[in-house]
Amino acid sequence: MVVDAREDPGQWRRRGLTPPAELAAMVEARLGWLPIDDPTSADFFFDPLDGSVGEVRA
């Protein structure tokens with residue numbers, strides 16, 4: 001039986017990467033409540049308290 005290394009989470013972690021399924025779960029946890037089909041990096045900086053999108057406050 002041949003196993004595709006891309007489907008093995010251990011192979012991803014071995015190379016210092018996050019497996020795709022875990023990455024998708026992180027994105028869903030962060031953005032799942034927003035009505036966004038194709039998130040961009042700016043969507044990760046959404047502040048639900050003031051509604052600012054893509055603005056990083058120092």
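The exercises below, each with a worked solution, concern a predicted model of a protein chain.

Local features are used here at pLDDT of at least 70 and side-chain atom pairs at pLDDT 80 or more, while totals for chains, interfaces and linings use all residues. Residues are numbered from 1 along each chain as its sequence is written, and side-chain values use heavy atoms, with hydrogens and water left out.

**Exercise 1.** Describe the protein chain by its secondary structure and its burial.

*Solution.* Begin with the secondary structure, where helices (H or I, at least four residues) and strands (E, at least two) are DSSP runs numbered from the N terminus; the chain has 2 helices and 0 strands. Next, take burial, for which buried means under 20% relative accessible area, exposed over 50% and partly exposed in between, with a 1.4 Å probe and protein chains only; of the 58 residues, 12% are buried.

**Exercise 2.** Find the salt bridge in the structure and describe the two residues that form it.

*Solution.* First recall that a salt bridge is a side-chain nitrogen of Lys or Arg within 4 Å of a carboxyl oxygen of Asp or Glu. A search of the whole structure gives 1 such bridge, and it joins Arg13 to Glu22, with 2.1 Å between the closest N and O atoms. Then consider accessibility: Arg13 counts as partly exposed because its relative accessibility is 45%, and Glu22 counts as partly exposed because its value is 34%.

**Exercise 3.** Locate Asp8 in the chain and state how far its C-alpha lies from that of Pro19.

*Solution.* Start with the sequence, in which Asp8 is in the segment before α1 (9-14). Asp8 is partly exposed, because its relative accessibility is 31%. Lastly, turn to space: Asp8 and Pro19 are 11 residues apart in sequence, and their C-alpha atoms are 8.0 Å apart.
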